[in-house]
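Thanks for asking me to look this one over.

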Amino acid sequence: MSNKRFEEVRERHARAEAGGGAERRERQHSEGKLAARERIELLLDEGSFEELDKLVRHRSRNFGMDENVVDGDGFVTGHGTVHGRRVFVFAQDFTVLGGSLSESNAQKIVKIMDLALKVGAPLIGLNDSGGARIQEGVASLAGYADIFLRNTLSSGVIPQISAIMGPCAGGAVYSPALTDFVFMVEDTSYMFVTGPDVVKTVTHEDVTKEHLGGAITHNTISGVAQFLARDDQECLRQIRELLTFLPSNNLDGVPRITTKDSSDRADPELDTLIPEESNKPYDIRDVIHRVVDDGYFFEIASQFARNLVIGYARMAGQTIGIVANQPAHLAGCLDIDSSTKGARFVRFCDAFQIPILTFEDVPGFLPGTAQEFGGIIRHGAKLLYAYAEATVPKVTVITRKAYGGAYCVMGSKHLRTDVNFAYPCAEIAVMGAESAVNVLYRRELLAAPNPNEVRKTKIGEYRDMFASPFEAAERGYIDDVIEPRETRPKVIAAFRMLENKVDTMPKKKHGCIPL
């Protein structure tokens, strides 16, 4: 074979690796962004990347596109390893035609999505694109739809992760929205269906790109993103860390590591951590840190719906998902956003065989017209549905309050939770003692010469009778009332017992969750 052929191969590879050229890469750097290949290098284990379709070119000849051809066509696709485990990745290169999606580079993404599904490995998309390539018209739109289909088919089979590391607008937003986890970078990334100019034209609202669809907006207000990074490097480190908790696919089994943290470790500090006054706040994360391996908790969506805490930890070296009411925010009430946040997380854990540990301290659903008009009934039902549907090992610990319908929703025994514990200070009742007394003894209180004394007595009686864990334990709704210090060994023993759990669902195509 002639040297000329070898030279052509080398030249083509060099042109593909150059992307839009040094000047455009420097522009990326000046904006605080890495180039596509630099991102892949940081994401994957050193030297593990194997590129596919490096020499693909677009086939458009309209609008002068025949003079604007770059090998690779602006997308870098392939596979490599993260912590030694196989992953598939694509990165949009903004230096080439603004990272726009063409028929050709859409086919590149589709190819690795199909491979990821066949191999059973996570898919990671690094998004930095101006959107559909206008010069290609409907062919570009068809490319998006081909990607959306595969996102849907892969859902619940392989983990799908999206990092928004630049612009992501119009139809492009729906692929990340279909994936399991969305990362965004502060100040350099944004997502929206319609941009500020269109918004101003249609609704006459003045809004910046950052406020409309920036990283802070989507992490705190919309809940579209679950992770906020200061820069590209931190974003890629977060993705690598998340992957340590996740299985490669829905049949792989959750990761296990060796830990020196004893499974029998008791923590006397837990006995005094939760205030005796039921209306006094505390941070549920303090409980979580004291129970899990090495005190490490990887929180997800930490800035959205902060009245519910979700994330991953390990117990006895095995990944578990944690769902917990947060008394330090809105008293731990469930509302629209927290219900949706929890439901999505529970369903992901169930799809990938990740056991679920629930810490319950919930006074009920958040009252108010905004919640009722917004559909709290429907959204709250999502969380209920997710818990009832889940067949993975489920353990619930009631740390304090468990009132009304919220008691039922948060992993109660009645929703097929396998093991339910309660602390001695737990209050399991239809409502709080004060509210219950006002309803049950209203006439008596009105007629009493000293209603405050009567109210105080009746509240004590109600608490002794109903607002305790013992009636629920006597009925078998609680499997054991435990001292807080025993939480870690009790929960680990429960999960070990449940390792070979098999639960079934009625035969059906799929359920109809109240979306």
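The numbered points below go through salt bridges and then a helix contact.

1. A friendly reminder to begin with: this is a predicted model. In it, the count of salt bridges comes to 27.

2. Let us take D45 and R240, which form a salt bridge whose closest N and O atoms are 3.2 Å apart. Where do the two partners sit? D45 is in the loop between α3 (36–43) and β1 (50–52), while R240 belongs to helix α10 (residues 232–245). The pair links distant parts of the chain, its members being 195 residues apart. Both D45 and R240 are buried.

3. R488 and D261 make another salt bridge, with 3.7 Å between the closest N and O atoms. R488 lies in helix α21 (residues 487–497) and D261 in the loop between α10 and α11 (270–273), so this pair ties together parts that are 227 residues apart in sequence. Here, too, you will find R488 buried and D261 buried.

4. The salt bridge of R290 with D267 has its closest N and O atoms 3.1 Å apart. R290 sits in helix α12 (residues 284–291), and D267 is in the loop between α10 and α11. The two residues are 23 residues apart, and the pair is again one that links distant parts of the chain. D267 has a relative accessible area of 9%, so it is buried, the cut-off being under 20%.

5. Salt bridges also join up into a network, which links K33, R39, D128 and D232.

6. Now for the helix contact. Helix α4 (residues 103–119) packs with helix α5 (residues 138–154) at an angle of about 10°, and their axes are 9 Å apart. Why is α4 called roughly parallel to α5? The angle of about 10° is under 35 degrees, so the pair falls in that class.

7. Which residues meet in this contact? From α4 come E103, A106, I109, V110, M113, D114 and L117. They meet A139, G143, D146, I147, R150, N151, L153 and S154 of α5. Sorted by class, the contact of α4 with α5 has 8 nonpolar, 3 polar and 4 charged residues.

Note on methods
Residues are numbered from 1 along each chain as its sequence is written. This is a predicted model: local features need pLDDT of at least 70, side-chain atom pairs count only at pLDDT 80 or more; totals for chains, interfaces and linings use all residues. Side-chain values use heavy atoms; hydrogens and water are left out. A salt bridge is a side-chain nitrogen of Lys or Arg within 4 Å of a carboxyl oxygen of Asp or Glu. Helices (H or I, at least four residues) and strands (E, at least two) are DSSP runs, numbered from the N terminus. Buried means under 20% relative accessible area, exposed over 50%, partly exposed in between (1.4 Å probe, protein chains only). Axes are lines fitted to C-alpha atoms, for helices over the stretch in contact, and angles run from 0 to 180 degrees between N-to-C directions. Angles under 35 degrees count as roughly parallel, over 145 as roughly antiparallel, 65 to 115 as roughly perpendicular and the rest as oblique. Contact means heavy atoms within 4.5 Å. Ala, Val, Leu, Ile, Met, Phe, Trp, Tyr, Cys and Pro count as nonpolar, Asp, Glu, Lys and Arg as charged, and the others, Gly among them, as polar.
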